[in-house]
Amino acid sequence: MDLHITKHGDCQLSIEICYNSGIITNNAVGLLIEEWRDEYQVENLSLNTESSEGNRIRILEPQVIEGDSEQTFVIFTVMQDGYYHINLSGASEQAILYGICEILDQTYVLEGEVRLPRLNMTSTPDIKKRGVERHWGPSMTSMENLEENLNLIKLLARKRVNHLMWIDSWISMSWYPFLDFRYFPILKREDQLGKIKIAKECLRTIINEATNWGMDFYLSCTEFNIPEDLLQIHPDMFYRNPDTGLCVLRLDSKDTWLFYKSKIKEVMVDFPALSGIELWTGEAMEIWQCYRPETDTRSIGELFLEMYDKALEAMDEAGRSDARIICSCFTHHPDCEKVYEDILGRLPERCDSRSKMQVEDFYRFHSPATLPGRLSPGREWVEFDLGGEYRGDWAGWITCALEFIPNRMRHYYDKGISGFMCRIRGYALGPNTTFIGDYAVLKGVQSIKYDVYFKTCWDMNIGLADVWRMCKRRGFPDQMLEFFQLSEKVAEQAHYANESIVNNFHSSFIGSIERYEWQLAYMDHPYNIAGQERKWILEPTEANLSIILAEKEQALINILKMSEILDQCKRELVEEDYATLRTCLDFQIQVVKVFKVHTEMFFRYRILMRTKLENRHALLMDCMKRCEREVTLLREHDQQQAQHAYALISDIKWRLSSDMNGPYYHLLAYHGVCKVAGFR
């Protein structure tokens with residue numbers, strides 16, 4: 001028989017802390033009291049520091065549990081004098097926090113009463129380092145946004161996150177609001193308005209709050225971004241490429257490294273609670289793009305090692321020999337991961353590598369990354385984008401990869417990966433979408449896709465049904481799980497052709513034949529083994545087109561099934577949730593209809609240009625008319641998406657009207673889309 005937290009609506013237990021608790025335990029207990037009060041209306045939950053009678057949650061003093069992780073907690077329930085005692089112990093205060101999160105996860109309502117099962121368990125996380133990367137608002141430099149940052153940290157602690165890798169704003173000079181450049185005097189800034197001082201105070205407060213919830217905080221940076229005035233002040237640090245006219249830093253200038261190290265040294269001195277920094281590559285001026293003389297014959301991998309060594313030197317000069325570096329191995333270099341092949345296992349001990357999902361996972365057609373398990377064995381992170389530019393998230397779709405994400409997580413876990421991080425960045429549901437902050441996403445109607453990630457980090461064997469039971473949104477009937485499962489199929493079937501990409505970035509429509517060709521070139525990505533094996537589907541034949549269209553038709557069937565489920569659940573859903581999902585789904589249904597005929601139109605154009613048969617011209621003309629009708633209906637939902645979709649119609653019309661050599665063929669017809677053999 002399960003335990004009553006309330007009976008006839010009255011609270012039936014108290015909380016007893018059996019030791020002189022610290023800030024993490026106190027925060028955890030406050031979290032329990034607050035969530036039970038706000039989510040389950042449990043009032044008058046008393047907190048005691050001495051033994052008392054009645055039902056109790058007894059929080060025991062943390063003790064090292066031999067053979068287990070410092071994050072391991074133990075919960076056991078005993079009956080004493082007719083009352084139940086839920087005893088919670090752990091290897092650390094951090095473990096106590098996670099034990100309380102477990103109690104909250106197991107709380108449920110039955111027949112109007114709040115209850116708990118009789119918990120008897122020892123729990124240790126499979127993934128010891130569970131992180132969140134954030135680089136889109138709220139800003140960390142102003143008091144106006146401070147509370148939002150603190151609330152987000154508290155919410156992530158509730159998800160058992162223990163590492164934060166945050167940047168104030170993506171790609172830009174994100175560290176510069178925190179820097180006065182006192183360690184690089186040529187750029188020394190006077191803080192006459194006090195902005196730098198305020199920014200530093202805000203960041204210190206954020207880092208300290210993370211520490212108070214048992215989290216390590218890393219400040220992410222883009223390594224070689226430079227302020228605009230540096231070129232004018234110190235032109236000798238730069239080399240101007242005679243072919244492009246672009247200026248890049250010179251690696252043979254000692255001031256380049258002084259500038260680089262000064263930024264790291266200053267943040268390590270001024271933010272002593274920082275656990276370290278995360279060094280990005282691929283989104284800024286990269287070290288392999290910097291100038292070096294011909295006598296410098298080091299490989300790109302060896303240049304990365306120099307970058308890491310200089311960063312460690314800066315930390316040591318700041319007296320922070322304990323600080324660590326997380327080294328992104330995402331790069332825009334044409335050879336991608338291959339540039340790391342000669343430094344496998346050579347990263348300094350205080351450096352952890354991380355594979356950025358952008359190179360593989362959230363491009364659904366790519367094979368898993370090959371570096372994890374090899375670059376810095378035992379000290380590796382893998383990032384997961386839970387929305388995805390190619391899964392509809394950026395277009396405001398309902399899209400939850402509830403199968404794909406945990407499957408990929410288990411793939412990397414089997415390779416010995418000990419650290420996972422996720423990117424929460426999301427957009428509001430529905431047409432004309434806008435960016436929303438992480439807190440709103442985690443509290444939103446699609447929160448289940450994030451909870452699948454968080455729960456799988458803790459337990460790699462957890463089933464989706466258990467995640468749903470513990471984490472489903474209040475008011476969501478169980479039927480809504482199928483709704484979200486179908487959304488994953490809809491995204492894949494609408495956006496791809498047999499898992500080969502056929503759509504644009506951010507799940508928008510491709511507007512020209514050239515752009516289609518450029519996009520399909522991703523099939524030849526050096527590490528895209530699975531995509532290369534599937535590229536036959538892109539050969540412009542009637543047989544392949546039939547397969548592609550059947551998949552698009554299945555996407556439409558599945559999204560209409562989602563619509564049916566949503567209406568069946570209407571009476572149980574919170575009115576606002578239903579309205580949000582209904583508006584989004586009506587828009588998404590029409591987008592799926594457009595994707596079907598839009599993709600057909602592109603392939604019919606290709607087939608015509610390869611065969612020049614009159615009947616195929618007629619088929620293309622019919623398809624274009626159907627596409628125009630569907631795009632017109634899309635305008636009622638989203639003018640911008642409709643405009644993007646119509647652009648391809650205009651491009652094909654222009655090409656056909658530019659006919660120089662006959663009614664159905666012209667010189668601009670074909671450019672070598674996805675170089676595959678065997679065209680008929």
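Predicted model: local features only at pLDDT ≥ 70, side-chain atom pairs only at ≥ 80, totals over all residues.
A salt bridge here is a side-chain nitrogen of Lys or Arg within 4 Å of a carboxyl oxygen of Asp or Glu.

**View 1. Arg423 and Glu133 meet in a salt bridge.** Their closest N and O atoms sit 3.5 Å apart, inside the 4 Å cut-off. Arg423 belongs to strand E21 (residues 419-423) and Glu133 to strand E12 (residues 129-134), so this pair ties together parts that are 290 residues apart in sequence. Arg423 counts as buried at 3% relative accessibility, and Glu133 is buried too, at 2%.

**View 2. Glu266 pairs up with Lys200.** Here the closest N and O atoms are 3.2 Å apart.

**View 3. Arg626 reaches Glu600, N to O, at 2.9 Å.** Arg626 lies in helix H17 (residues 614-635) and Glu600 in helix H16 (residues 575-611), so the bridge joins parts 26 residues apart in sequence. Glu600 is buried at 5% relative accessible area, whereas Arg626, at 25%, is partly exposed.

**View 4. A salt-bridge network links Glu35, Glu102, Asp105, Arg158, Arg160 and Lys455.**

**View 5. Three strands make an open antiparallel sheet, in the order E1-E10-E9.** Strands E1 (3-4) and E9 (108-110) are at the edges with a single partner each, so one side of each has no neighbour in the sheet. E1 and E10 (residues 113-116) pair over 2 bridges, with Leu3 opposite Leu116.

How values were computed:
Residues numbered from 1 in each chain as written. Heavy atoms only, no water. Pairing = 2+ DSSP bridges. Helix = DSSP H or I, 4+ residues; strand = E, 2+ residues; numbered from the N terminus. Buried < 20%, exposed > 50% of the residue type's maximum accessible area, 1.4 Å probe, protein only.
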